[in-house]
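Here are a few exercises to work through with the structure open beside you. Try each one yourself before you read the solution.

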Amino acid sequence: MRTSRISKDTAKLLKRAAGSASPPRRTTRSSLARFAHNAGSSSVNGKPGAASQTLDIEDSISPPPKKRRRGSDASFSAELAKPESDEDEDDKLLDAIAAPPSKKARRAPVRARKPARKVTDPATGESTVSPPSDWEEMYNVVRKMRAPGGVAYGAAVDTMGCERLADRNASPKDQRLHSLIALMLSSQTKDTVTAVVMRKLQTELPAYKPGAPVGLNLDNVLAVDPNLLNQMIWAVGFHNNKTKYIKKAAEMLRDEWNGDIPDTVEGLTSLPGVGPKMAYLCMSVAWNRTEGIGVDVHVHRITNMWGWNKTKNPEETRLALQSWLPHDRWREINGLLVGLGQSVCLPVGRRCGSCDLGLQGLCKAAERKKVLEGRRIKEEAVKEEVIKVEKQEDGEDGGAIVKVEAVVKEEVQVKEEVKVKKEEEDY
């Protein structure tokens, strides 16, 4: 490393920066690090740099060495042997580094998939929301994965989701109460745990008076001691708060809603512990009215990961999706994406090699290594299956081998088409 050269250039850089500020400032390691960081997002010689890169001070002054062959130091040694540039060129580099980063340098790289966006008709001046470019193709692929036989079929939400936990032997009013309480318990809790706790309330909640039925109904919730209720639901997340919410909500249902749950989103969200996601899901399940999309952490995470929207919280995601997603998909999308997030697109340890979106090149966030391994396993499975079938049909290996070669050739062709499509989208 050319220590004297670096010290000299650093001094020039600090001198220029100090000249633009009115009071003198003491030079510290942290201030030097800030100059190096700013250099990564500025433009050098008029060429914008990537805003996401962070270069150290040496890289910002001297151009980085050319890409060299792994395991060889020849190109790196050749780079060190190059003569130093003139002082005028150094001054230009230092001036460019000290200059504030341009807006163009800060701009994020353009994504191949555009999120939903407003489009104004120049003729009429009316604004509409244009959906993401390939959303319907992705949606249909997810539908197939979530259908019987698909890789994402049989998730916990399919059998233990809140909309399936009401006791069908209870009265319609009690079933609506079951759906509401299941949603209140489900926050920060796995579906499996919520299902167990709900079953316990439906079978063991004490009767409010002798001779009355045991189980989950409004009278029993009003009469149960808070400590006993807390013990019965202790397995769910934040059970102390939820005990208070359930007791308070039961009083409001008795006093303000004639013993039934509210039939409006505004009424449901007025209950303690009930937010927009629970309210819209409850309207769909309890009242069979789809007035909005229930967006939980899975829907919020996955749609942002796909690039469908760029939102900061589930409520923003709900509004963004409702602005372009057809109304007949509003009720369905929650279950589709929650099941996908529980079985394949996990928050940690995503199974991209098993996901058809990744294998078909539709998911930009798919991990390349897992996708390639998944394709390899799929190709081997196809080969083995064809050999097995043809051996049984032909009684000999010749025809099977010919057909295997044809299938492999077709698989390679599809793989190449996906690769070309991905490269076109990237550029």
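Some ground rules come first. This is a predicted model, where local features need pLDDT of at least 70 and side-chain atom pairs count only at pLDDT 80 or more, while totals for chains, interfaces and linings use all residues. Residues are numbered from 1 along each chain as its sequence is written, and side-chain values use heavy atoms, with hydrogens and water left out.

**Exercise 1.** Work out in which sense strands β3 and β4 pair.

Step one: find β3 at residues 117–120 and β4 at residues 127–130. (Strands are DSSP runs of E, at least two residues, and helices are runs of H or I, at least four, numbered from the N terminus.) Two strands pair if DSSP finds at least two bridges between them; here there are four, in the antiparallel sense.

Step two: pick out Lys118 and you'll see Val129 of β4 opposite.

Step three: look at the link. The strands form a hairpin with six residues between them, and Gly125 in the turn has a positive phi of about 80°.

**Exercise 2.** Find the residues with the most contacts inside the largest nonpolar core.

Step one: know what to look for. A nonpolar core is a set of buried Ala, Val, Leu, Ile, Met, Phe, Trp, Tyr and Cys residues joined through side-chain atoms within 4.5 Å; buried means under 20% relative accessible area (exposed is over 50%, partly exposed in between, with a 1.4 Å probe and protein chains only).

Step two: the largest core has 39 residues, and Leu180, Ile181, Leu185 and Leu201 have the most contacts inside it. Among the helices that each supply at least two of its residues are α9 (172–186), α10 (191–204) and α13 (239–256).

Step three: zoom in on Leu185. Beyond its neighbours within four places in sequence, its contacts (heavy atoms within 4.5 Å) include Val197, Leu201, Ile233 and Ile246.

**Exercise 3.** Explain why the pair of Trp135 and Trp324 is edge-to-face.

Step one: rings of Phe, Tyr and Trp (its six-membered ring) pair if their centres lie within 6.5 Å; planes under 30 degrees apart are stacked, over 60 edge-to-face, the rest tilted.

Step two: these two ring centres are 5.3 Å apart and the planes are at 65°, so the pair is edge-to-face.

Step three: Trp135 sits in helix α7 and Trp324 in the loop between α17 and α18, so the pair ties together parts 189 residues apart in sequence. Both Trp135 and Trp324 are buried.
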